[in-house]
Amino acid sequence: MDLTVISENRSFGGIQTVYRHSSNTCGCEMTFAVYLPPKAKDGPVPVLWYLSGLTCTHENAMTKAGLQEHAAKYGLAVVFPDTSPRGAEVADDEAYDLGQGAGFYVNATRDPWRQNFRMYDYVVSELRSIVIDNLPVQDRHGITGHSMGGHGAITIAIRNAALFDSLSAFAPIAHPTQSDWGRKQLSTYLGDDESSWAEHDSTLLLEEYGWKGDLLVDQGASDQFLDLLKPEALAGMMAKRRQPGQVRLQQGYDHSYFFVNTFAQDHVAWHAARLC
């Protein structure tokens with residue numbers, strides 16, 4: 001795999017690197033970031049995947065989520081994928097919540113999206129293989145994410161339980177088949193047959209399969225998008241299914257990276273306890 005280093009910076013004794021590569025899955029050049037903790041100099045370390053939300057690139061969480069300090073402490077690598085394919089030849093939309101920056105972690109089946117918008121396969125297969133084959137990491141993985149990325153983290157983990165050993169989310173889009181943040185994207189990328197949407201809905205997947213471990217979800221109680229995120233659907237399903245885990249409603253916090261940064265240590269520690 002021909003990885004081009006775009007930038008490299010020392011951070012908390014480790015190295016924060018941004019890479020670019022040609023993606024066969026997405027049919028374009030893709031960019032992603034990886035933080036390697038100091039412990040990676042002594043041997044392979046477990047991996048925490050962080051999936052970002054609408055409008056984000058790899059850079060937003062890399063610079064705002066504050067994960068590096070905690071990853072250095074606990075000895076985890078952190079992978080920050082992009083949220084969609086990009087480029088002049090890649091389909092896009094004028095809306096902020098569709099097209100480039102809004103891949104929704106699905107494999108699109110409708111034109112013009114299906115040629116490039118295959119973020120599910122990209123994260124689960126292609127980028128995973130690149131990371132394992134080229135970096136000093138163990139084949140032991142946790143996954144988390146924010147908003148659209150929280151949706152991606154939960155759905156990907158439940159559908160690929162053999163590939164992930166820990167799971168958490170920040171303010172995930174928890175029930176997209178019943179939300180305007182979901183119905184718009186799922187119908188656009190996958191078509192109008194709503195039966196095909198269920199495999200991309202955290203609440204419905206949890207009902208059908210559960211999660212093999214325990215699940216941590218943090219949600220700001222003052223989140224301006226609460227009605228779109230529907231955390232009560234996920235929490236209710238966890239209670240109904242008696243799924244081990246926690247949905248923590250954090251008083252006064254909104255949807256921003258200030259919220260993510262505040263609880264980043266809790267989530268890194270959560271994953272470290274299950275991966276290390």
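This briefing covers the sheet, the nonpolar core and the salt bridges of the structure above. The model is predicted, so local features are given only at a pLDDT of at least 70 and side-chain atom pairs only at pLDDT 80 or more, while totals for chains, interfaces and linings use all residues. Residues are numbered from 1 along each chain as its sequence is written, and side-chain values use heavy atoms, with hydrogens and water left out.

**Sheet and packed helices**

- An open sheet of mixed pairing is formed by 9 strands in the order 1-2-3-5-4-6-7-8-9, where strands are DSSP runs of E with at least two residues and helices are runs of H or I with at least four, numbered from the N terminus, and two strands pair if DSSP finds at least two bridges between them.
- The edges are strand 1 (4-11) and strand 9, each of which pairs on one side only.
- Neighbouring strands of this sheet are turned by 20 degrees against each other on average, direction ignored.
- Strand 6 (residues 137-145) pairs with strand 7 (residues 166-170) in the parallel sense over 2 bridges, and Ile-143 has Leu-167 of strand 7 as its bridge partner.
- Helix 9 lies across strands 4, 6, 7, 8 and 9 and runs at about 175 degrees to strand 7; axes are lines fitted to C-alpha atoms, for helices over the stretch in contact, with angles from 0 to 180 degrees between N-to-C directions.

**Nonpolar core**

- The largest nonpolar core has 87 residues, of which Phe-32, Trp-49, Tyr-50, Ile-143, Ile-156 and Tyr-189 touch the most other members; such a core is a set of buried Ala, Val, Leu, Ile, Met, Phe, Trp, Tyr and Cys residues joined through side-chain atoms within 4.5 Å.
- Beyond its neighbours within four places in sequence, Tyr-189 is in contact with residues including Leu-98, Phe-104, Arg-110, Trp-113 and Phe-117, contact meaning heavy atoms within 4.5 Å.

**Salt bridges**

- The structure holds 14 salt bridges, each being a side-chain nitrogen of Lys or Arg within 4 Å of a carboxyl oxygen of Asp or Glu.
- Asp-266 and Arg-248 meet in a salt bridge at 2.9 Å, N to O; Asp-266 lies in helix 9 and Arg-248 in strand 9 (residues 245-250), so the pair ties together parts that are 18 residues apart in sequence.
- Asp-266 is partly exposed at 36% relative accessible area, as is Arg-248 at 23%, where buried means under 20%, exposed over 50% and partly exposed in between (1.4 Å probe, protein chains only).
- Asp-214 and Arg-274 form a salt bridge at 2.8 Å, N to O, and this pair links distant parts of the chain, 60 residues apart.
- A network of salt bridges links Arg-140, Asp-165 and Lys-212.
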